[in-house]
Amino acid sequence: MTYHDLVIIGGGPAGLAAAVSAHEAGIEDILILERDERLGGILNQCIHNGFGLHTFKEELTGPEYADRYIKKVTDYKIPYKLKSIAADISAEREILYVNGEEGAVSVKAGAVILAMGCRERPRGALGLPGYRPAGIFTAGTAQRLMNIEGYSVGKKVFILGSGDIGLIMARRMTLEGAIVICVAELMPYSGGLNRNIVQCLNDFNIPLKLSHTVTKIHGKQRVTGITISEVDANRRPIKGTEEYYDCDTLLLSCGLLPENELSKSAGVTLDRVTGGPVVDDKLQTSVEGVFACGNVLHVHDLVDYVSEEAERAGRQAASFVKSGKENDKKYITLSVGSGVRYTVPQMIDVNNMNDSVTVRFRVSDVFRDKSVSVCYDDKCVIKRKKRILAPGEMEQIVIKKDTFGDSMPKTVKISVED
């Protein structure tokens with residue numbers, strides 16, 4: 001069994017940023033494991049612009065953004081293995097990976113960073129009725145087929161779900177000559193960024209139907225059409241609201257799920273809401289020396305936030321490798337109040353925390369002219385007015401250590417209030 005100070009599983013934006021950060025923090029013995037044939041992850045197929053405004057202060061395409069970090073990895077001579085699948089990881093930070101050249105290889109790590117990203121929710125998880133004809137794709141698969149493989153997936157397209165990839169693909173397919181008939185969304189609000197609704201739907205006169213879902217897929221060999229229905233408050237189809245659309249392609253953009261099979265193998269505790277690991281303010285999971293960042297931790301809306309989070313994970317993993325252990329921990333629990341779905345991190349180690357901690361969270365509904373409040377136990381210490389809050393836009397708030405005072409609270413609660 002070989003040894004590395006730090007093993008990073010995933011060579012996408014999170015893994016690359018974490019590797020660069022850890023190297024800059026003094027760790028040179030790093031290994032990146034990437035299952036694809038190139039570094040960059042999902043960014044390689046995101047040929048549209050809009051990336052990098054926070055990180056690089058300029059607008060880049062996905063491949064351009066990835067290339068900035070790939071060049072740093074190359075300049076730092078950080079080793080990486082492509083077409084290498086991490087098959088297992090133990091609580092002792094022993095990793096088994098497989099590739100075509102080496103076969104099965106076991107590696108012991110001083111620290112591990114989980115950066116496996118996320119996957120799309122497939123048709124099987126949605127329970128859509130109908131046969132299994134050709135012409136049904138997840139939006140990300142369609143994006144890869146078009147942008148990397150060079151295939152056209154359809155000519156007359158209906159999109160179910162208003163996630164960001166689905167919205168971007170509505171524009172992409174329109175630009176390639178396809179007709180995008182409509183986008184239907186089960187929820188009464190869009191799951192994507194407002195800028196994508198404007199730039200990808202409104203600018204191309206593509207309608208968005210909220211509180212609607214597909215209730216039948218027509219066709220046996222190839223999709224010939226779909227039927228949608230309006231849904232009630234319990235998300236159940238309302239009889240008599242059926243509408244038929246003639247189409248040859250159905251794209252599904254119905255949510256993303258963190259890739260956490262390896263996290264489970266390591267015994268990492270997962271959050272029931274995010275689907276990702278429960279972490280502290282150092283982004284360390286419940287297994288000592290195992291850190292998580294990026295979409296494997298929780299689904300982000302901006303890759304800039306992924307990079308920022310991953311850089312923090314890299315620094316903390318480097319610190320762990322150097323020290324071998326941490327001082328005694330004393331945790332404050334971060335809890336959610338009304339209107340908030342989850343927070344990341346889920347706890348703060350006050351004995352080892354930095355001067356401030358950035359807490360990211362998502363709200364459960366669309367709120368207008370409300371306030372985000374932060375309470376230490378029963379005492380409200382922060383209250384910020386927000387014109388609009390939406391589930392598709394990730395929010396953040398900074399908690400400073402000196403605001404705790406002499407008497408440390410047991411819980412910090414974040415809520416949406418009047």
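Visitor: Where does serine 211 lie?
Guide: Keep in mind that we're looking at a predicted model. Strand 13 covers 208–210 and strand 14 covers 212–218. Serine 211 therefore sits in the loop between strand 13 and strand 14.

Visitor: Is serine 211 buried or exposed?
Guide: The cut-off for buried is under 20% relative accessible area. Serine 211 comes out at 18%, so it counts as buried.

Visitor: What is the phi of serine 211?
Guide: Most residues other than glycine have a negative phi. Serine 211 is not a glycine, yet its phi is positive, at about 55°.

Visitor: Where is leucine 283, and what is its relative accessible area?
Guide: Leucine 283 also has a positive phi, about 65°, although it is not a glycine. You'll find leucine 283 in the loop between helix 6 and strand 19. Anything under 20% counts as buried, so leucine 283 is buried, with a relative accessible area of 0%.

Visitor: Is the peptide bond from valine 344 to proline 345 cis or trans?
Guide: Most peptide bonds are trans. Proline 345 belongs to the loop between strand 21 and strand 22. The bond from valine 344 to proline 345 has omega near 5°, and it is cis.

Visitor: How many salt bridges does a search of the whole structure find?
Guide: What we're looking for is a side-chain nitrogen of Lys or Arg within 4 Å of a carboxyl oxygen of Asp or Glu. Searching the whole structure that way gives 17.

Visitor: How many residues apart are arginine 35 and glutamate 259?
Guide: These two form a salt bridge, with their closest N and O atoms 3.9 Å apart. Arginine 35 is in the loop between strand 2 and strand 3, while glutamate 259 is in the loop between strand 18 and helix 6. The pair links distant parts of the chain, and the residues are 224 apart.

Visitor: What is the N to O distance between arginine 68 and glutamate 58?
Guide: Arginine 68 is in helix 2, and glutamate 58 is in the loop between strand 3 and strand 4. Arginine 68 is partly exposed at 30%, and glutamate 58 is partly exposed at 34%. Their side chains meet in a salt bridge, N to O, at 3.0 Å.

Visitor: How many charged residues does the contact of helix 1 with helix 2 have?
Guide: Helix 1 brings Leu16, Ala17 and Val20, and helix 2 brings Ala66, Tyr69, Ile70, Lys72 and Val73. By class, seven are nonpolar and none are polar. The number of charged residues is one.

Visitor: How far apart in space are arginine 341 and tyrosine 69?
Guide: Arginine 341 is found in strand 21, where it touches residues including Val273 and Arg362. In sequence, arginine 341 and tyrosine 69 are 272 residues apart. In space, C-alpha to C-alpha, the distance is 32 Å.

Visitor: Is aspartate 301 buried or exposed?
Guide: Aspartate 301 is in the loop between strand 19 and helix 7. Among its contacts are Asp164, Leu193 and Arg362. Its relative accessible area is 15%, so aspartate 301 is buried.

How values were computed:
Residues are numbered from 1 along each chain as its sequence is written. This is a predicted model: local features need pLDDT of at least 70, side-chain atom pairs count only at pLDDT 80 or more; totals for chains, interfaces and linings use all residues. Side-chain values use heavy atoms; hydrogens and water are left out. Helices (H or I, at least four residues) and strands (E, at least two) are DSSP runs, numbered from the N terminus. Buried means under 20% relative accessible area, exposed over 50%, partly exposed in between (1.4 Å probe, protein chains only). Contact means heavy atoms within 4.5 Å. Ala, Val, Leu, Ile, Met, Phe, Trp, Tyr, Cys and Pro count as nonpolar, Asp, Glu, Lys and Arg as charged, and the others, Gly among them, as polar. Lists of a residue's contacts leave out its neighbours within four places in sequence.
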